[in-house]
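Here is a short report for a first look at one chain. Please keep the sequence and the 3D view open while reading.

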Amino acid sequence: QVRLVESGGGLVQPGGSLRLSCEASGTFVSIGEMRWFREAPGKPREFVARVTDGGRIDYAGAVQGRFTASRDNAKNSVYLQMNSLEPEDTAVYYCAADVRTIGLWQAYWGQGTRVTVSS
């Protein structure tokens, strides 16, 4: 069983910062790409950032220059440093990862962590 758990969400004022974390646990062989998505009220879930197992990082245009994704393979974790937060960044943030269990790659999702940007 593979589990992804996000943490670090909360309430922050516009212009503030938050750092989200996501840790994978359970029984698996390896972790491939790790991704961040977000889902704002009344909107579909959207891509935020991805970090490949090789270290390549890509961002959605809306967060480029403000958010920084990183990963620590030794801790099976991915992070999202969010700076210059705007009310439009308010959403539930989800972590996803491609995980290889015995002989099989599957995508797993966390339960999400809520980020609210408001004065």
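The report covers a sheet, its hairpin, a disulfide, a core and a few single residues.

This is a predicted model: local features need pLDDT of at least 70, side-chain atom pairs count only at pLDDT 80 or more, and totals for chains, interfaces and linings use all residues. Residues are numbered from 1 along each chain as its sequence is written, and side-chain values use heavy atoms, with hydrogens and water left out.

**The sheet**

Strands (E, at least two residues) are DSSP runs, numbered from the N terminus. Two strands pair if DSSP finds at least two bridges between them. Four strands form an open sheet in the order E1-E3-E8-E7, and the pairing is antiparallel. Strand E1 (2-7) and strand E7 (67-72) stand at the edges; each has a single partner strand, so one side of each lacks a neighbour in the sheet. From one strand to the next, the twist averages 15 degrees. The axes behind such angles are lines fitted to C-alpha atoms, and angles run from 0 to 180 degrees between N-to-C directions.

E1 is joined to strand E3 (residues 18-26) by six bridges. Glu 6 stands opposite Cys 22 in E3. E7 has a covered face of Phe 67, Ala 69 and Arg 71, while Thr 68, Ser 70 and Asp 72 make up the uncovered one.

**Two positive phi values**

Most residues other than glycine have a negative phi. Asn 76 has a positive phi of about 50 degrees, although it is not a glycine. Asn 76 belongs to the hairpin of E7 and E8, which has four residues between the strands. Ser 84 also has a positive phi, near 50 degrees. Ser 84 sits in the loop between E8 and strand E9 (91-101).

**The disulfide**

A disulfide is a pair of cysteine sulfur atoms within 2.5 Å. By this rule there is one. The disulfide joins Cys 22 to Cys 95, with 2.1 Å from S to S. The torsion about the S-S bond is about -75 degrees, so the disulfide is left-handed. Distant parts of the chain are linked: Cys 22 lies in strand E3 and Cys 95 in strand E9, 73 residues apart.

**Burial**

Buried means under 20% relative accessible area, exposed over 50%, and partly exposed in between (1.4 Å probe, protein chains only).

| Residue | Relative accessible area | Class |
|---|---|---|
| Cys 22 | 0% | buried |
| Cys 95 | 0% | buried |
| Ile 31 | 11% | buried |
| Asn 76 | 26% | partly exposed |
| Ser 84 | 42% | partly exposed |

**The core and its contacts**

A nonpolar core is a set of buried Ala, Val, Leu, Ile, Met, Phe, Trp, Tyr and Cys residues joined through side-chain atoms within 4.5 Å. The largest one has 30 residues, of which Trp 36, Val 48, Phe 67, Leu 80, Met 82 and Tyr 93 touch the most other members. E9 gives the largest share of this core, five residues.

Contact means heavy atoms within 4.5 Å. Leaving aside residues up to four places away in sequence, Val 48 touches residues including Trp 36, Phe 67, Leu 80 and Tyr 93. Ile 31 lies in strand E4 (residues 30-39). Beyond its neighbours within four places in sequence, Ile 31 contacts, among others, Arg 71, Asn 76 and Trp 105.
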